[in-house]
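Subject: Structure handover

Hello,

Here is the structure for you to look over. Please open it alongside this note.

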Amino acid sequence: MKKRLNLFTVFRDVWRVAPVKFFWEYFFTAVDGIALALTAVALEKLFAAVLLFAEGKIFVWDVLRAVLVLLLLYLASEAGSGIASYLGETYSGLTVQKMRKRIHEKQGRFHTIDFEEPEFLNEMQRACAGAWQQRAFANIIMDILTLYLPYFLIYGVYLYRRKPVLALAIPLIFLPKLLAQVIKSRMYLDLEEKTAPLARKEEAYASYAAERDYVKETRLLNTVDIFIERWRGVRSRHDQLILKVQKRAYFAEIAALLLHLAGYAGVIGILLVSVFKGDIAVSAFAAVFASLSALIEQMDELIGERFGELAENYAGIKNYRAFMERETAPQEGGELEEYREINLKKVCFSYPGGEDVLKDIDLTINERTRLAVVGENGSGKTTLARLILGLYIPTEGEVCYNGISTARLCYGKLQKQASAVFQNFRKYKMTLCENIDIAADEPAAQMGVEEALNQAGITLSKEVFPEHLNTMLAKEFGGVDLSGGQWQRIAIARGIYKKSGLIVLDEPTAAIDPMQEYELYQTFLNVAKEKIAVIVTHRLGLAKACDKIIVMQEGRILDAGCHEELLARCEYYKRLWDVQAAGYVTAYN
């Protein structure tokens, strides 16, 4: 059962951004609405004064006084509208910033594994689209309360006093349009649900075809046209869904417009009959007739535009609120100050909708242990590393740090004292110093950054880094391009730089030649000698230097021990070693 949207929560979130500005924005909006409604009364007074002046019953000053009142009301309306618009624009910017900050903070509190689930990604896509719509939604409701409602109430009372049937007939003109907007609201809500996954695919295919990170490879492989064609296919399905909804909405609006025109003609007829019968004065007829276009314009704007926007925003906000109310990882619990021991007890793990990737894992890692995790691709090495880091939570069993289960620790702070360098590390388009500095809890000391770079094998030469640590690592931002190997060393320097008691290297050295890789791992192992260090690798020659090796096969730990022990008793490990041995002799001896 879907939860109803809590309007109070929406208003509270928007109002809290800047309460004083919020008040003044809608104070001046109310001034606009009230002044606009009173112009009908002022018009009648002016027309009556003109008629009396023509009959010689009043002086020209009386007419000018009526003109002045009308001008003051126009001025009040324009001033109120202008000030409210200015305040609204600045308020919208502040609100969007706050909503984006909230959604990013929320994203940071989910389990890492949630980002592997397609439906979660769809929800997040819809939520991001709906985040900014909270302000638009609240603004429309407040405009209804402070602009349109005062206007229609005052104008309705004015009409009722002139001819009660007019006050009752005019709302009937707009009921068909209102009904059409309700129907459109349901259509767009359903459309939002169906198009979110298509929008993500469009974005992915577009990036594959044109973004800098992909363009060299896609052109070399001659796959640009393939991705463009796929983008067109998804876009076509997206457009078909939109077109289908737009057609249905169009027919609903046509039917509403025909009924609206019929009602408008009826109101004009009532006015004419009333004048002919003498039920209303000519001045009242002229004022109502002159202001009727403004009334129609306001009603069309409210129902044809604002209610339509309200319907679309409502759909987006429901998605945003549902995402913000979604259960996150536990944020309560203790923090981990150090890593003395890590225990995995009967751990099983599966990705959403899949079978177990890890099965019955029992593993103990003591402090100052340098552990290698080896095995063929798909054996579960990377998944195990992420469980050790606390990025993933077991589907069965438990992971304990210093005897404390992850269930009793704050998930959001589990990795505070941990560091890692993965295969698919990120290339941050920032300066060299910032690329390292982001790993620290406090601003970096320059010497500390240089030391980390040096340990990772980065030489700060003027040719490569013309502005030393302040060199921008992004060609599109006026900086420099780096090779894949240089980026890998920067990623490793970032991992080394962070103060941590646990560090994991998950095969991040693919772009480095074997000799340099071996030297880099030796440096890393020396740096990590006071920590728990986990190296995930398929190169067994590197594993030899570790204190302990665990051998993974089909999601299980097949065996564990030092290199010599495993060669002696583990046939699978020996077979892997023999296959790679010739390469090690060449590279490392």
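This is a predicted model: local features need pLDDT of at least 70, side-chain atom pairs count only at pLDDT 80 or more; totals for chains, interfaces and linings use all residues.

**Helix packing**

Start with H2 and H3. H2 covers residues 19–54, and H3 covers residues 60–107. Their axes lie 7 Å apart, at an angle of about 160 degrees. H2 is therefore roughly antiparallel to H3, because the cut-off for that label is an angle over 145 degrees. The two helices cross in a left-handed sense. What kinds of residue make up the contact of H2 with H3? By class, there are 27 nonpolar, seven polar and four charged residues.

Now follow H3 on to H4, which spans residues 118–131. The angle here is also about 160 degrees, and the axes are 9 Å apart. H3 and H4 are therefore roughly antiparallel as well. The handedness is right-handed where H3 passes H4. On the H3 side, the contact residues are Met99, Ile103 and Gln107. On the H4 side, they are Met124, Ala127, Cys128 and Ala131. This contact of H3 with H4 has six nonpolar residues, one polar residue and no charged ones.

**Aromatic rings**

How many aromatic pairs does a search of the whole structure find? The count is 23. Two of the pairs are described here.

Take Trp24 and Phe28 to begin with. Their ring centres are 6.0 Å apart and their planes meet at 35 degrees, so this pair is tilted. Both residues sit in helix H2, four residues apart, so about one helical turn separates them. Trp24 has 38% relative accessibility and so counts as partly exposed.

Next come Phe349 and Tyr392. The ring centres of Phe349 and Tyr392 are 5.0 Å apart, with planes at 5 degrees, so this pair is stacked. The pair links distant parts of the chain, 43 residues apart. Phe349 belongs to strand E1, residues 341–350. Tyr392 lies in the loop between helix H10 (381–389) and strand E4 (396–401). Are these two residues buried or exposed? Phe349 is at 1% relative accessibility, so it counts as buried. Tyr392 is buried as well, with a relative accessible area of 2%.

There is also an aromatic cluster to look at. Tyr148, Tyr151, Phe152, Tyr155 and Tyr158 form it together.

**Two single residues**

Gly378 is in the loop between strand E3 (370–375) and H10. With 77% relative accessibility, Gly378 counts as exposed, because the cut-off is over 50%. Which residue does Gly378 come to across 174 positions of the chain? It is Met552: the C-alpha atoms of Gly378 and Met552 are separated by 9.3 Å.

Thr195 is in helix H6, residues 164–210. Thr195 has 10% relative accessibility, so it counts as buried. Leaving aside residues up to four places away in sequence, Thr195 touches His238 and Leu241.

Best wishes

Note on methods:
Residues are numbered from 1 along each chain as its sequence is written. Side-chain values use heavy atoms; hydrogens and water are left out. Axes are lines fitted to C-alpha atoms, for helices over the stretch in contact, and angles run from 0 to 180 degrees between N-to-C directions. Angles under 35 degrees count as roughly parallel, over 145 as roughly antiparallel, 65 to 115 as roughly perpendicular and the rest as oblique. A crossing is left-handed if the near helix is turned anticlockwise from the far one by less than a right angle, and right-handed if clockwise. Contact means heavy atoms within 4.5 Å. Ala, Val, Leu, Ile, Met, Phe, Trp, Tyr, Cys and Pro count as nonpolar, Asp, Glu, Lys and Arg as charged, and the others, Gly among them, as polar. Rings of Phe, Tyr and Trp (its six-membered ring) pair if their centres lie within 6.5 Å; planes under 30 degrees apart count as stacked, over 60 as edge-to-face and the rest as tilted. Buried means under 20% relative accessible area, exposed over 50%, partly exposed in between (1.4 Å probe, protein chains only).
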